[in-house]
Amino acid sequence: MSTDTLSFIAIQFLNGLAYSLLLFLLAAGLSLIFGMMDVVNLAHGSFFLIGTYVGLTIVRVTGNFWIALVVTPLLIGALGLVVERYLIRSLYNRSPLDQVLLTFGLAFILMDLAKWIWGANVLALPAPAALDGSVALFGGQFPKYRLFVIAAGFVLAVVLYYLNDRTSFGAVIRAGVADREMVSGLGINIALVFSIVFAVGIGLAALSGVVAGPIYSAFPGLDFQVLITTLIVVVVGGMGTYKGSLFGSLLIGEVQTFGQAFFPDLALFLIFGIMAAVLLIKPAGLFGREAVA
Amino acid sequence: MIVLVLVLLVLFPLLPSSYALGVLTDVLIFGLFAMSLDLLLGYTGLVSFGHAAFFGVGAYVAGIVGIYGGPEIYFTLPAAIIAAALAALVIGFFSIRTAGVYFLMLTLAFSQMVYAAAFKAPFAGGSNGLAGIPRPTLGFGLGFADSIAFYYLVLAIVLASYWTLARLVASPFGKSLRGIKENESRMRSVGYNVQRYKLAAFVIAGAFAGLAGALRAQFNFFVAPDTLYWTTSGIALVMVIIGGAGTLIGPALGAALVQVLQNLISSYTERWPLLLGAVFILFVLYAPKGMIGLLEQRKQVDQETSTQQAKSANAL
């Protein structure tokens, strides 16, 4: 192989890595909410898209990307608290399906609300000035901003791992995923845990939205594109597991990036093919524990 | 009651409003689409979020066959039904391996894949959609080009489909489906091949959705890729839930409410999806059994108050 090809592959790998880590933030939130609350949040992509839009508005007002990066997830996380408290909580004693239907209705509302406020055009979030331009890497050029996304994504992945695996709140979450009744039987305020989990999950989606803004731009319809890819990640990786979200994101992110580079027309079908294959061989996902059907 | 509704439906074209006739044709088509989804959702307990895939496949195939083959009804409709059933067979084969939310996610994901495929396929017109789809003909110079004739065709097909679906859910097969919905492991342990029943229900529902999609394409002379988009699956789901899942009339009522509301509201505001989402959430929160459930509740309350009145009258 020529050095050109090698350099192309290395650059594509890094692109895939940046994309994978954005997917990971989404999948981790979706998977966390599902693992804890049995709710598949079909508005997850909508919160991602709203995150990009809100980030854009904050950048327009303050002129500072970093403020948007910090404030947007907090704002959207607070919105998540409200949604959990006033909508989802009233359905706790109903079937999980009703809660999924609720998030579906929410996706309709958020889709239209976003179109109303931000219009139907493609809007790009400007990258921060410090990360403008690119650096020479592997004999090619690579955008500085994407390097930042990779670095920040890894830091967040480690932080989430630490929170989940090494702190007492993480222990409550893991216990809650395994056996919710037992956790509330131990005197832990499960309603509060649910609120926090939902807010954190939504906040991660919004964070992913802001970080993705300078790379992918925002437009109506991105919400469900993102949701579908995230669903594929968690189906392939296995719902409710940290490992599943991480490896699922890396696999799907890289396959989709290389697919788009080599066979642009088939990239999307490639990841569906992987999903179908995983379902045939291991219906609970690569890292899923329990039987699904 | 039923006779009255039928008479009204048959006499409706006497009204001079072609606009109202168009809305009613759409109500009937979406009623069939929603009923086909309810066979899965309300009768089998399979919550499909990707029913637009079959509606869309039916629409596109009816369009393509109509444009490139010929408009004869004996080709366009069977082709659409068979194509939708085949699509349902493939998607169902993978999806029914899972249950609950996994099934929901898979059907949603597969339908979005079909949507993406319609964008890429050269013969489907990409993002422009497929235009110039002919209304069906019978041959010998007879056809349904006229709106009133097409309305009667749709009415006949939807009524026949309703009758077929009603027979189906009342049959031993339909009872087995309800058994699967109520307790899948019990059905399995008494010896039912549950997966095969589920797949059969999925294919039948897909076929009827394809039929509805074909009629919709011929009604509008046009298919847009949006027909396959998640919002179309979503609207069918909304119709079933706000009408009342687990009945066939419920989804048809839901279709009527949604279509009529859409036509009324769209002339005042563009914010129709927002309102639809809000109405849907209100139903999920406060009336999960839909309009049919509300009507039954009302009936019960009426009965209770009348017995109470009778009692107090007796006491006096």
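Helices (H or I, at least four residues) and strands (E, at least two) are DSSP runs, numbered from the N terminus. On the α3(B) side, the residues in the pairing are B:Ala52, B:Ala53, B:Gly56, B:Val57 and B:Tyr60. They meet B:Phe110, B:Ser111, B:Val114 and B:Ala118 of α5(B). Contact requires C-beta atoms, placed from the backbone, to lie within 7 Å.

Residues are numbered from 1 along each chain as its sequence is written, while chains are lettered from A and ligands numbered from 1 in the order in which they are written. Because the model is predicted, local features need pLDDT of at least 70 and side-chain atom pairs count only at pLDDT 80 or more, whereas totals for chains, interfaces and linings use all residues.

Chain B contains 13 helices and four strands. Its radius of gyration, 21 Å, is close to the 20 Å given by the globule rule for 316 residues, so chain B is as compact as a globular protein of that length. The radius is taken over C-alpha atoms, and the rule is 2.2 Å times the number of residues to the power 0.38. Along the principal axes, the C-alpha atoms of chain B fill a box of roughly 75 × 55 × 40 Å. Of the 316 residues in chain B, 48% are buried. Burial means 20 or more other C-beta atoms within 10 Å of the residue's own; 12 or fewer means exposed, and in between means partly exposed, with C-beta atoms placed from the backbone.

Chain A has 11 helices and two strands. Its radius of gyration is 19 Å, close to the 19 Å of the globule rule for 293 residues, so chain A is as compact as a globular protein of that length. The C-alpha trace of chain A spans about 60 × 50 × 35 Å along its principal axes. Mean pLDDT (the predictor's confidence in each residue, from 0 to 100) is 86 for chain A, and 98% of the residues score at least 70.

Helix α9 (residues 222-237) of chain A has 15 of its 16 residues buried, so α9(A) is largely enclosed by the rest of the structure. A:Gly238 follows α9(A), with a positive phi near 110°.

Most residues other than glycine have a negative phi. A:Ser217 has a positive phi of about 65° and lies in the loop between α8 (190-216) and α9 of chain A. B:Phe221 has a positive phi of about 60° and sits between α9 (194-220) and β4 (222-223) of chain B.

At the interface, 32 residues of chain A are in contact with 30 residues of chain B. On the chain A side, α4 (96-118), α9 and α11 (267-281) each supply at least two residues. The largest share, 15 residues, comes from α4(A).

How values were computed:
Two residues are in contact if their C-beta atoms, placed from the backbone, lie within 7 Å.
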